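Have the picture ready and follow along.

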Amino acid sequence: MSEIAALVLCKLGGKAGSADDIKAVLEAAGVTANDDAITKLTGDMDGKDVNDLLAAGMDKLKNVPMGGGGGGGGGGGGGAAGGAEAAEEEKEEEEEEEAEIGGGMDMFGGEGDGGDY
C-alpha cells in the first residue's frame with residue numbers, strides 16, 4: 001500500500017513514477033522499500049494513466065454506501081409521568097431547606113452579630 005501512495009506522490013510531483021522514484025519517496029519517508037512490490041506495481045501500471053485509474057475507482061465507489069448512521073444515540077429518559085413528579089418533589093424539598101436555614105447565620109457560620117470579620 002505504501003508503494004501505491006509513493007507512486008501517486010511521484011505523479012503529483014511531476015515525476016514518471018519509475019521504480020527508482022518510488023523507492024526514493026519511500027526511503028525519504030523512512031520506509032524500507034520492498035523491491036518485489038515496487039517491481040510488480042510498476043509492471044501493473046505500465047501503459048496506464050494514474051488519473052484514469054483514480055477516476056475509474058471513484059466511479060466504482062459512488063455506489064458504495066459510506067457514512068451516515070453512526071449508530072444510535074443513548075436511550076433517553078425512561079419513566080413517563082413518574083419522572084416529572086419526582087423532579088417536582090425535589091424542587092419543593094430544596095425550597096423548604098433554604099427556607100429553614102434563613103435565621104441569623106452569616107456565610108462563615110457566625111451568628112450575624114457583626115463580629116471581627
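**Where the helices meet**

If you leave aside its neighbours within four places in sequence, Leu 41 is in contact with Glu 3, Ile 4, Leu 7 and Ile 22. Keep in mind that what you're looking at is a predicted model.

Helix α1 covers residues 2-12 and helix α3 covers residues 35-45; their axes come within 10 Å and cross at roughly 55°. An angle like that makes α1 oblique to α3. The crossing of α1 past α3 is right-handed. Which residues make this contact? On the α1 side you'll find Glu 3, Ile 4 and Leu 7, and on the α3 side Ala 37, Ile 38, Leu 41 and Met 45. Sort the residues where α1 meets α3 by class and you get six nonpolar, no polar and one charged.

Now turn to the other partner of α1. Helix α2 runs over residues 19-28, and its axis and that of α1 come within 9 Å, crossing at roughly 110°. Angles from 65 to 115 degrees count as roughly perpendicular, so that is what α1 is to α2. From α1, the residues Ser 2, Glu 3, Ala 6, Leu 7, Leu 9 and Cys 10 meet Asp 21, Ile 22, Val 25 and Leu 26 of α2. This contact of α1 with α2 divides into seven nonpolar, one polar and two charged residues.

Next, have a look at Met 45, which sits in helix α3. Is Met 45 buried or exposed? Its relative accessible area is 18%, and buried means under 20%, so Met 45 is buried. Not counting residues up to four places away in sequence, Met 45 touches Leu 7, Val 50 and Leu 53.

In soluble globular proteins, nonpolar side chains tend to be buried together. Here, the largest nonpolar core has nine residues: Ala 6, Leu 7, Ile 22, Leu 26, Ala 33, Ile 38, Leu 41, Met 45 and Val 50. At least two residues of this core come from each of α1, α2 and α3. Which helix gives the most to this core? That's α3, with three residues.

Note on methods
Residues numbered from 1 in each chain as written. Predicted model: local features only at pLDDT ≥ 70, side-chain atom pairs only at ≥ 80, totals over all residues. Heavy atoms only, no water. Axes fitted to C-alpha atoms, helices over the stretch in contact; angles between N-to-C directions. Helix = DSSP H or I, 4+ residues; strand = E, 2+ residues; numbered from the N terminus. Parallel < 35°, antiparallel > 145°, perpendicular 65-115°, else oblique. Left-handed = near helix turned anticlockwise from the far one by under 90°. Contact = heavy atoms within 4.5 Å. Nonpolar A, V, L, I, M, F, W, Y, C, P; charged D, E, K, R; others polar. Buried < 20%, exposed > 50% of the residue type's maximum accessible area, 1.4 Å probe, protein only. Core = buried A, V, L, I, M, F, W, Y, C linked by side-chain atoms within 4.5 Å.
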